[in-house]
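Thank you all for coming. I would like to walk through one model this morning, beginning with a chain as a whole and then turning to a few of its helices and to a single residue.

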Amino acid sequence: MRASRPAAATLAVLGLAAFTAACTSDTAGSGGGDTLRVAANSTDREPMDAVVAAFRKANPDIKVSVTYADTDQLQSTLRTQLSSGTAPDVFTVWPGNGNPGALQVLQKGGYLADLSGYSFASKISDGDKSVTQVDGKTYIVPVTFNGIGAIYNKATLTEIGGTEPKTWDDVLALCTKAKDHGKVLLALGNQTNWVTQLVDYSLAATTVYAQNPDFDAELSAGKATFAGSAWKQTMQKYLDLDKAGCFSKNPNGTSYETSISDVAQGKAVGVVQVTTSIPQVQKEAGADAELGMFALPSTNNADETRIPAAVSAAYGLNAAGKHAAEGKKFVEFLASSEGQKIYAEKGSTLPVLPNDSFKADPALTGLIDMQKNGKTVPFMDQRWPNPEVQATHFTAVQKLFSGSESVDEALKSMDDAAKKS
Amino acid sequence: MATVATSSFQKHRDGPPDKPPAPHTGKRRLSRQRAPWWFVLPALAFFAFVVLVPSAQGGWWAFTDWDGISPVKHFVGLDQFRTLWHDQAARDAVGTTLLAALSITIVQNAIGLLLALGVNAHLKSRNILRVLFFAPAVITPVVTAYLWKYLYAPEGAINALLKTVGLGFLRQDWLGDPDVALWSVVAVVVWQFAGYSMVIFLAGLQSIPQEIYEAAAVDGAGPVRRFWSVIRPMLAPAITINLMLSIIGGLKLFDQVWVMTQGGPGGATDTLSTVIYKQAFQFNKYGYSIAMGLVLTLFVIVVSGLQYGYLSRQEKKNS
């Protein structure tokens, strides 16, 4: 015992030294080194790695190191790094408002460089300006355009003898067909908080925003409420789909990962998800599987159907970054035709800025058509007044599905959250 | 478990159990070599630098409206604490936290004690069993929580097993049903740390001198009587430390909840720690979240202080 104590102490000291060294080498890289530091969401690893490789080829003298982290971790780490002056040079910024790493939140702290003078700024469409600008100035370079719809396996849809639904009644009929074949139409992983919102957003795009595109602005101004709007019908329809047996059993106990596997394994025809989930479904279902996507109808007038689609991945340039010139070059590359093309193709998304050379994933045809016809509405939370509204929405949906709250109570809780500063 | 425990007593009566270490000699050697108090200084300095100073600095922010990112923060006095008083989500979380901490403390220690009594017996496999029971405690809670999340899935291993053995009616939506989710989380914590409690109880059991068991047996005390009147009082220090550790761990419960349910469904498993995390990192309310953190700290100090006072009085009474 005695002999092992100094050994243990030595180990502990060595461990501590190694730990400190690890931290220091990282900081040294950020400080005096000649490496451009980038931080991105781990869901963007594949496209970002490809973009960095292309950037390095074009600029062999600039070294780039990218750190990836999951959403929660990335948001909390970035905030700490920004306020302590150790943040990377280029980093993920969520468009609009509504989450702790969002443009409007970070811009308030003065941490983002003004990118209005860059050539890409003038190419951003009017629809995307509301989530990439603050007071008329552009602070982020938008990279991907992402949609929320029913992503499905074409073979499974054929197996149940169905076609893409165009109306609400079509959806309900398709649910019955799926059930008759021992499947469900839509896998639902509501155990994972952020998944809870997706069906609501898909339905609300038509029920709420097709009629009143300014609902979010009115909500922020205190002129509209969730309870007094078509959000009530939206949530009711969400529950109606559940009653009609459209979703997997026990959605509150099912995770995002399980819902994706259910589609890949043919237990469910599809899943209402963001288009960035397509690569994961494809990976699990195999390269041969043919995937498709449709906007979830919520009325019986097919012309009214809208799809939530918005700028998703976007990057900001650190206003106090150590490598301003290199950072500028990298941001310009992200905005370039080549950068946008690589990013969108590798990530199965669409580029935000106009791009002729881009070849879309065939699964995205549904989204591209809606985008061309101007039938997209931004992600709702990007324009909600504070991050608590979205979090309250997650909780409310879980409570609705466990039967512990009514639609009216759910909407009231969201209204209460929206009133908070 | 009960049978194993009883058999250990019987074996003690019939023949010599494990040769216990010689506690008296150990004690004397220890007291003779008591280290000077200033040996603690390097560790204390490091602890102060890493934990105490930042905590004290951060504590002050509970009296501001800091959002965690902007350079400005305003002094708001006790406003955050006033808001906290009326916050229904925080109140619910206090209830959930207490319920979880209390049930973890009771069940984990009961199982830990039974396991310790069992593996203290003359079983051939006792060393393997000790390792097996303790093994989960060395794995990071985050990892075990991920594993259990898969086991608990509606189509997961647990429900499949129940169906196979004909207990299909017991199948549950383990993490998705708000009435069941908290208990599912508690079960994982107990599963992971019962072995940890066992090790502490085992150390206590092995320090009880063999002569005392024998004297009790000669006096005609049965297994229950021997446990209550001999083992329990002599285990008092182990009981104190185990109860303290599990109640503090329970009050701070975060990792397992965050991985398995993120506080859901619908806030049913939100503990004080998950609410604090959400306020700081999801709602940008650092000041408010720190105020909650301070309240949690006081809460842990008071609860564990009361518990410690009671248990040490019991220890004194018994000695």
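Let me begin with a definition: a residue is called buried when its relative accessible area is under 20%, exposed when it is over 50%, and partly exposed in between, using a 1.4 Å probe and protein chains only. What we have here is a predicted model, in which local features need pLDDT of at least 70 and side-chain atom pairs count only at pLDDT 80 or more, while totals for chains, interfaces and linings use all residues. Residues are numbered from 1 along each chain as its sequence is written, chains are lettered from A and ligands numbered from 1 in the order in which they are written, and side-chain values use heavy atoms, with hydrogens and water left out.

With that in hand, 43% of the 319 residues of chain B count as buried. Chain B has 15 helices and zero strands, where helices (H or I, at least four residues) and strands (E, at least two) are DSSP runs, numbered from the N terminus.

Within that chain, consider helix H7, residues 141-152 of chain B, whose twelve residues reach 16 Å from first C-alpha to last, close to the 16 Å expected at 1.5 Å a residue, the expected span being 1.5 Å times one less than the number of residues. Which residues of H7(B) are buried? They are Pro141(B), Thr144(B), Ala145(B), Trp148(B), Lys149(B) and Tyr152(B). These residues cover an arc of only 145° around the axis, which puts them on the same side of H7(B); the arc is that of the directions from the helix axis to the C-beta atoms. Among the elements that cover them are helix H8 (157-164), helix H9 (181-206) and helix H13 (255-260) of chain B, with contact meaning heavy atoms within 4.5 Å.

Turning to chain A, helix H17 (residues 407-419) has 13 residues and reaches 19 Å from its first C-alpha to its last, close to the 18 Å expected at 1.5 Å a residue. In H17(A), the buried residues include Val407(A), Leu411(A) and Met414(A), and what covers the buried residues of this helix includes helix H10 (231-243) and helix H16 (387-402) of chain A.

Finally, Thr376(A), which lies in strand S14 (residues 376-377) of chain A, is partly exposed, with a relative accessible area of 25%. Leaving aside residues up to four places away in sequence, Thr376(A) touches Phe145(A), Ile307(A), Ala309(A), Met370(A) and Gln371(A).
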